[in-house]
Amino acid sequence: MAQKGRNLSDMYAGQQATLKTIQGSEALCDRLTALGFLEGTRVCCLGAGPFGDPVAYEVRHTVIALRRADSIGIEVSVS
């Protein structure tokens, strides 16, 4: 059963989820949308840097690294 109310920053390496919403500045939302962060898109957490930041995610066959501060505003549904 899918969990609700989780953020991208809560994911661990190897975990997959579906993107729900993006909250943050207009510039951040526009940039993430341009990179393929769209509602309903599958995302996989690949792992974090040596100090836990940034975290790498695979979205639409592309690896994207985000700071945890930016990933907190991205709501996902973990399956």
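Predicted model: local features only at pLDDT ≥ 70, side-chain atom pairs only at ≥ 80, totals over all residues.
Residues are numbered from 1 along each chain as its sequence is written, and side-chain values use heavy atoms, with hydrogens and water left out.

**View 1. Confidence along the chain.** The mean pLDDT (the predictor's confidence in each residue, from 0 to 100) is 90 for the chain, and 94% of its residues reach 70 or more. Confidence is lowest in strand β1 (residues 3–7), with a mean of 68, and highest in strand β4 (residues 55–59), at 96. Helices (H or I, at least four residues) and strands (E, at least two) are DSSP runs, numbered from the N terminus.

**View 2. Strand β2 and its partners.** Two strands pair if DSSP finds at least two bridges between them. With β6, I22 stands opposite I74. β2 also pairs with strand β3 (residues 42–48), in the antiparallel sense over 3 bridges; here R42 of β3 is the bridge partner of T18.

**View 3. The two sides of helix α1.** L28, C29 and L32 of α1 (residues 26–34) are buried. They lie on the same side of α1, because they cover an arc of only 100 degrees around the axis (the arc of the directions from the helix axis to the C-beta atoms). E26, A27, R31 and A34, on the other side, are exposed. Buried means under 20% relative accessible area, exposed over 50%, and partly exposed in between (1.4 Å probe, protein chains only). The buried residues of α1 pack against β2 (16–22), β5 (62–66), α2 (68–71) and β6 (74–78). G36 follows α1 and has a positive phi, near 110 degrees.

**View 4. Q15 in a loop.** Q15, in the loop between β1 and β2, is buried at 7% relative accessible area. Not counting residues up to four places away in sequence, Q15 touches (heavy atoms within 4.5 Å) R6, D10, V43, C44, C45 and V78.

**View 5. Salt bridges.** With a side-chain nitrogen of Lys or Arg within 4 Å of a carboxyl oxygen of Asp or Glu as the rule, the count is 2 salt bridges. One joins E75 and K20, whose closest N and O atoms are 3.5 Å apart. E75 lies in strand β6 and K20 in strand β2, so the pair ties together parts 55 residues apart in sequence. E75 is partly exposed, at 24% relative accessible area, and K20 is partly exposed at 30%. R67 and D70 also form a salt bridge, at 2.9 Å from N to O; D70 is buried, at 17%.
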